[in-house]
Structure formats: structure tokens, C-alpha cells
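User: I'd like to learn how to read side-chain pairing in a model like this one. Can we go through it step by step?
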Amino acid sequence: MADSLDRIDRRLLALLQDDGRLSVAELARRVHLSPTPCFERVRRLERDGYIRGYSADLDPALLGAGLIAFVEVQLDRTTPDVFNRFRDGVIGLEPVQECHMVAGGFDYLLKVRTADMAAYRRFLEQLAAIAGVEQTHTYVVMEEVKSTRAVPIAEH
């Protein structure tokens with residue numbers, strides 16, 4: 001699907017990924033188009049799902065969510081019903097920023113943000129209460145060296 005993007009589409013995606021508040025007029029200027037065709041391209045990129053939405057980049061520390069932990073979760077069985085129960089349970093846990101099913105020595109890897117260790121402990125009790133969770137291992141982040149939501153946009 002990415003092959004259907006031309007150079008201008010890729011440039012628009014890169015610009016909007018860097019600053020989603022750019023006006024159509026500014027986008028058009030930067031990609032050397034007039035505003036109407038630029039607007040139409042952005043709408044097409046939204047409609048086709050390349051652009052899933054727009055959001056603000058908030059400071060977690062200022063909002064009381066400065067502690068980051070990565071949690072390995074091992075389930076007691078690897079059956080569809082256990083996977084579904086876990087997925088449904090973890091979706092409702094607000095501190096979970098990311099949840100990935102992985103291949104390897106455990107089943108899921110979570111990225112979690114809480115205010116402090118006391119809040120993390122309360123979260124861990126909720127996580128352990130999900131049916132099927134057999135074991136967890138936690139890795140608390142001491143320093144966030146790099147964090148980005150940016151998706152690499154290859155130029156073809």
C-alpha cells in the first residue's frame with residue numbers, strides 16, 4: 001500500500017508527523033502545491049488510513065506519570081480464550097501505554113506509566129488479577145534516552 005504514495009504524499013506525512021498543527025496553506029507552501037490540491041491530498045491520506053489522527057505531545061512528568069516500567073507477562077496457557085481474556089483485561093488498565101504480544105520466553109510486553117512506585121504496585125495488583133496471568137517481570141526505566149511515536153517514512 002505504501003507504494004501508492006508519491007514523493008509529495010511522503011513529504012506531507014513527514015511534515016504532519018513532525019507538526020500536526022501546520023495549516024494547509026503552510027503545508028502547500030512547503031510541498032510546492034496550491035492549497036486546494038494539498039488539502040485534497042491530506043484528506044485522501046486521512047481517508048486511506050495513513051493518517052490515523054492528530055494529538056498533542058504531553059509531558060508525562062508534569063502530569064504525574066513520570067515513572068516508566070516495562071513489564072513482561074507470562075500467561076498460564078497460550079490458548080485463544082486466555083489471550084482474549086488478557087487482551088480485554090489489559091485494555092481497561094489506564095497506566096498501560098502499549099501492549100504487544102511477542103514471540104520468545106514470555107507472552108506480552110507492556111509499557112506502563114504511573115506517578116510513582118506506590119501507584120505502580122497498585123497497577124501490578126490489577127494486572128495480576130487478570131485471569132491467566134501466571135508471572136510478571138518488571139524493568140523500571142532509570143532514564144528515558146529516546147522516545148518517539150514517529151514512523152520512518154522512506155523516500156522512494
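User: Which residues does glutamate 46 touch, not counting residues up to four places away in sequence?

Analyst: Before that, a word on the source: this is a predicted model, where local features need pLDDT of at least 70, side-chain atom pairs count only at pLDDT 80 or more, and totals for chains, interfaces and linings use all residues. Residues are numbered from 1 along each chain as its sequence is written, and side-chain values use heavy atoms, with hydrogens and water left out. Contact means heavy atoms within 4.5 Å. With that rule, glutamate 46 touches Ile51 and Tyr54, leaving aside residues up to four places away in sequence.

User: Where does glutamate 46 sit?

Analyst: You'll find glutamate 46 in helix α3, residues 35–47. Helices are DSSP runs (H or I, at least four residues), numbered from the N terminus. The C-alpha atoms of glutamate 46 and glutamine 74 are separated by 37 Å, with the two 28 residues apart along the chain.

User: Is glutamate 46 buried or partly exposed?

Analyst: Buried means under 20% relative accessible area, exposed over 50%, and partly exposed in between (1.4 Å probe, protein chains only). Glutamate 46 has 23%, so it counts as partly exposed.

User: Now the charges. How many salt bridges are there?

Analyst: Here's the general idea: side chains of opposite charge can pair when their charged atoms come close. The rule for a salt bridge is a side-chain nitrogen of Lys or Arg within 4 Å of a carboxyl oxygen of Asp or Glu. That gives a count of 12 salt bridges.

User: Which side chains does arginine 77 meet in salt bridges?

Analyst: Arginine 77 pairs with aspartate 76 at 3.7 Å, N to O, and with aspartate 81 at 3.9 Å. Arginine 77 is partly exposed at 40%, and aspartate 76 is partly exposed at 37%.

User: What about arginine 85 and aspartate 81?

Analyst: Their side chains form a salt bridge too, at 3.7 Å, N to O. Both lie in helix α4 (residues 80–91), 4 residues apart, about one turn of the helix.

User: Which residues are linked in a network of salt bridges?

Analyst: Asp6, Asp9, Arg41 and Arg44 are joined that way.

How values were computed. Helix = DSSP H or I, 4+ residues; strand = E, 2+ residues; numbered from the N terminus.
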